[in-house]
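Have the sequence and the model open side by side.

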Amino acid sequence: MANFSVAAIFSDHMVLQRNKFISIFGYGDDGLKIEARLFSSENELLSQNTGFIVNGRWDLKLDPQVARTNCSLQILCQDSTQNSSIEFSDIAIGEVWIAGGQSNMEFELQNCTEGPDELKLKDNPNIRFYYTNKIAWKDEHFYEAEKTTAWQTWDSEWKKAWSAVGYFFGKKLAEDLDCTVGIIGCNWGGTSASAWMRKEFLEKDDDLRTYLTEQEEATKGKSIEQQCKEYDDYVVENDAWQIKCNELYATVPGITWAQVQERIGVCKWPGPKSCKNPYRPTGLYDCMLSRIMPYTTKGVIWYQGESDDHKPGMYAKLFSTMIDNWRTDFQDEKLPFIFVQLPEHRYEQDKDFKNWPLIREAQAKVHNTVKNAFMTCALDLGQYNDIHPKAKKVLALRMEKTALANVYQLLPSAEANSPMYSASITKPADKNSKGTITLVFTNAASGFEIKEDDEELENYKKLEKIQGNQVPEDFTGFEVAGRDGIYYPAEFAFGGSDSKLNTIILHSDKVEEPVFARYAWYNYGPVRIFGKNGLPLAPFRTSANDSKSQTEHAEIQQIMTV
């Protein structure tokens, strides 16, 4: 009998991307002839193609199709003695997006603020979901588990575990485009972007290669068997520790992280560097992402960056290289990325390391320099003392709006994008006026508005007080500095000296000659300035050469997963 298979992502209820060549692929014995046939709901042949298995893999392209439902797909394999076939039904042709990243993309529908009410809906929201096999090591169980993965519809009991961001994004997109939307979940809590990249792309650059060399140094001289045992032993130990941790938080509300570790021992997450550790560089690319490549998609929605805050200075390079990697291997050099600029976040016991502003800055740089990469600002959507904001719908709808404007060109760009810093004009002090710096912004032609954020301001004061600091009375979120790089709170006014609506003018009595300016340059703090389009002003600094910033990790790391 012919030995061939179709990649696990192909199943009943799948969604195929409309208006693009459709890639159908799988595995088998070299030399076998494969034919793919796509049929409409009336059994009309829409497209077919043939090819041969080479190096254990086959990949066929079918002609672009318009949106439709109730299609079927037939895969035939011919050898010298007989024909074999695999058939799939209830196929929709519509829009397909990958929901990638770490725990905030992984965050399940059942756990988000809006989830319980959403799960009560009886009407089909016209969205389908496929979750990539979530196993980080290719043992014998890996391939058997992969065979059980399949596309799910709203009738599935597993819809509760769908990505909340992915779900709300897909649901709204299906309504706006009037077609079925398929979301492919490919995410894992606590992961660096380096886990989602092919080794060859990390090796291209000296900075990015450090992700590999650190892993290599830690595992040097250890056999695969030893590495696997070390990781397996850690998992058993950590699972037991986590149970104690959960019980402690439940019985002693308000207990600090330091007190937790004093009582039950040090948290060893994310475990030893090992070939089996899911957080290793390239690991999830090999075990998850590559298993769905090159499935034809419209684009990627991405929520990640938290776990790269220890190397914020290289994140722009890391993320842009990852995008290049994905576009290369999905065979789509223009594959759109809609990504989240990290929201405010800080745990009570942590200093304001100011590393998240550097990650946000890197994300803004990718938005400005990488074609078809579009940022959704989420600065105001953080949750106090929790790295996982539980309300996900507002963010997802912002991302969908970003896609409508920038990918589908159905909205004006300025309506869907946050105001972003563009340029600055400094004016020295003279006998008649103070020194000022005027900031110019894109996506702000209609101007700005203030939304008081008293709760977050009080939280910010509380966090600073814990660290022995006091928030200045003249705190506004804006700061200016002279050539010495020492920042002071700045007063601000909308509409610069020329009264243009897209400008903000700053000054401080403590800075006679302002040279640098920045806004929301903290891991967590109040968010007060919004464009008239309702979106928050994206955080920024006018120069990367203003001063040095700390780059340590926050203390709590195990909470990066869900």
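## A charged pair

Glutamate 35 and arginine 37 form a salt bridge, with their closest N and O atoms 3.1 Å apart. A salt bridge here is a side-chain nitrogen of Lys or Arg within 4 Å of a carboxyl oxygen of Asp or Glu. Glutamate 35 counts as buried because its relative accessibility is 9%. Arginine 37 is partly exposed, at a relative accessible area of 26%. Buried means under 20% relative accessible area, exposed over 50%, and partly exposed in between (1.4 Å probe, protein chains only).

This is a predicted model: local features need pLDDT of at least 70, side-chain atom pairs count only at pLDDT 80 or more, and totals for chains, interfaces and linings use all residues. Residues are numbered from 1 along each chain as its sequence is written, and side-chain values use heavy atoms, with hydrogens and water left out.

## Bridges across the chain

Side chains of opposite charge can pair when their charged atoms come close. The structure holds 32 salt bridges.

One of them joins glutamate 464 to arginine 346, with 2.8 Å between the closest N and O atoms. This pair links distant parts of the chain, 118 residues apart: glutamate 464 lies in helix H14 (residues 454-466), arginine 346 in the loop between strand E12 (337-341) and helix H11 (356-369). Helices (H or I, at least four residues) and strands (E, at least two) are DSSP runs, numbered from the N terminus. Glutamate 464 is buried at 11% relative accessibility. Arginine 346 is buried too, at 2%.

Arginine 398 and aspartate 380 also meet in a salt bridge (2.9 Å, N to O). Arginine 398 sits in helix H12 (residues 393-406), and aspartate 380 in the loop between strand E13 (373-377) and H12. Arginine 398 is buried at 11%, whereas aspartate 380 is partly exposed at 21%. Elsewhere, salt bridges link Arg198, Glu200 and Asp329 in a network.

## Helix H6

H6 covers residues 206-219, and its 14 residues should span 20 Å at 1.5 Å a residue; the end C-alpha atoms are 20 Å apart, which agrees. The expected span is 1.5 Å times one less than the number of residues. H6 has a kink of about 30 degrees centred on leucine 212. The bend is the angle between axes fitted to the seven residues ending at a residue and the seven starting there.

Leu208, Tyr211, Leu212, Gln215 and Thr219 are buried in H6. Just after H6, glycine 221 has a positive phi of about 85 degrees.
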